[in-house]
Amino acid sequence: MTPMSYSRTEITAEQIRHEQAVCDALRRRLTEGGTHPLALVDTYGCQQNEADSEKIRGYLERMGYGFTEDEYAADVIVVNTCAVREHAEMRILGNVGALVHTKAKKPHQVVAVCGCMVQQPHMAEKIRRSYPVVDLVFGPHDLWRFPELLQQTLEQHRRIFAVSPSDGVVAEGIPLHRQGSVKAWLSIMYGCNNYCTYCIVPYVRGRERSRHPNQVLEEARQLVLSGYKDITLLGQNVNSYGRDLEEPVDFADLLRSIDALDGEFRLRFMTSHPRDATEKLFDAMANSRHCAHQLHLPVQSGSNRILQRMNRHYTREEYLEKVALAREQMPDLVLTTDIIVGFPGETAEDFEQTLSLVREVRYDAMFTFIYSPRVGTPAAKMPDPISREEKQAWFDRLLETANGISVEKHHAYEGKTVRVLIDGKTGREPYTLSARTDGGRLVHLRGDASLIGTFQNVKITGSNTWALYGELQ
């Protein structure tokens, strides 16, 4: 695969109205005689996939479907896939293959597979040849026309594949069915222009396309009016927001405009590319009424040699300067990161540089992965002489270091009173409620379920590697 030339495509309001009309026609057909069809949407991968599934559910709801978690009861099953790592793909394919049993019990059941995995030509072909249980396949760029694709599948009784290469689209007005009433995802842009050598995302999600700021702001306003308390702005690289728009607006400007909304809510965002994280952004965060002092800033490696091979466009030194600047602006900043272990060509010395960076930065949390080759990316063709066993040993050392730092950081919370948003039930006694601090730290506490969706002050009484424990004040 090679980077595509850029072409921004905006789906028109008329096209979306057509899809909504298809939904209404299907609803009349599917609910005729008082029947109540059911759908199951199974989502893998990142928060952007979760946001996409909200659109799929929104369309399905308009078609007249209710929702179930029982694959044997579902009339339609939609599997929204991830392509970032091989392990995820293998798990998805295993689960899709198992649906042959549900379809045997319910022959009219429609199985659809969508998302990033199937936008890869070799994976779409694999499903075509080896997974006859699948009736409908569509990539992220065709999600906006899911209703007509499902209609064709139901009426023509043939398999439909909609996975043509595309730079991607921007589609406004798709109905949403959000799960829960406390937290909300808000997509502000799609795609990525960075082409890190290990990453498949630009090839399956397309080039960067920003939503217009007035549309983002209006959706944020409606979320606040609807009572959502924790709003996360989403993009593969939110720091690039606005570069493809005619309006003179960047991500810091967008943050400030949303922050100006009245109401009690918390604002987060992800993910940030270090190259594009600016002093202007840190200043906007620091002087915000609603923006959490939480920053996910993926470093991937502490070795300049590996960063260059990864095509990350920054050095270790530049990254550390940005961390220092962010912490200067926000002394209470909660900082998290992603790290890849065992990138092709990485040596023991390169890994030690990553380990030393982790000890220097002292992240609040880390998401660590052993490198997974992705077909079509430059890194997949690079020599990779280090054994899986040695990579695993490096990974274990990194995890041990990260967990040790986490224990120390969590222990430092003990005895302090912090503001949290109570967001759900744990299902476990005696700490029955879960909450998040402004910095995103997980807190378990005792309390009544009526507190869900409220901000409370909590005294931290205990901690472990993964969570804090507290008492309501």
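1. A nonpolar core, as used in this note, is a set of buried Ala, Val, Leu, Ile, Met, Phe, Trp, Tyr and Cys residues joined through side-chain atoms within 4.5 Å. Buried means under 20% relative accessible area, exposed means over 50%, and partly exposed lies in between (1.4 Å probe, protein chains only). With that in hand, the largest nonpolar core has 56 residues, and those with the most contacts inside it are Ile188, Leu233, Phe251, Ile258 and Phe269.

2. A word on the model before going further. This is a predicted model, in which local features need pLDDT of at least 70 and side-chain atom pairs count only at pLDDT 80 or more, while totals for chains, interfaces and linings use all residues. Residues are numbered from 1 along each chain as its sequence is written, and side-chain values use heavy atoms, with hydrogens and water left out.

3. Contact means heavy atoms within 4.5 Å. Setting aside neighbours within four places in sequence, Leu233 is in contact with Leu186, Ile188, Val238, Phe251, Leu255, Ile258, Leu267, Arg268, Phe269 and Met270. There is also a second, separate core of 31 residues, which includes Ala39, Val110, Ala112 and Leu149.

4. Cys291 is buried, with a relative accessible area of 8%. Beyond neighbours within four places in sequence, Cys291 has contacts with Leu255, Asp259, Leu267, Phe269 and Met285. Its C-alpha atom is separated by 9.3 Å from that of Ile258, 33 residues apart along the chain.

5. His157 follows H7 and has a positive phi, near 50°.

6. Two cis peptide bonds deserve a check by eye. One joins Met270 and Thr271, with omega about 5°, and Thr271 sits in the loop between strand S13 (266-270) and H11. Another joins Glu429 and Pro430, with omega about -5°; Pro430 is in the loop between strand S17 (417-425) and strand S18 (433-437).

7. Some backbone angles are also worth a look. Tyr195 has a positive phi of about 50° although it is not a glycine, and it lies in the loop between strand S10 (189-190) and helix H8 (201-205). Tyr195 counts as buried because its relative accessibility is 10%. Asn311, also not a glycine, has a positive phi of about 65°; at 25% relative accessibility, Asn311 counts as partly exposed.

8. Finally, the overall picture. The protein has 15 helices and 21 strands, and buried residues make up 55% of its 473 residues. Of the contacts with a separation of 6 or more, 75% are between residues 24 or more positions apart. The C-alpha trace spans about 60 × 55 × 50 Å along its principal axes.

Definitions and conventions. Helices (H or I, at least four residues) and strands (E, at least two) are DSSP runs, numbered from the N terminus.
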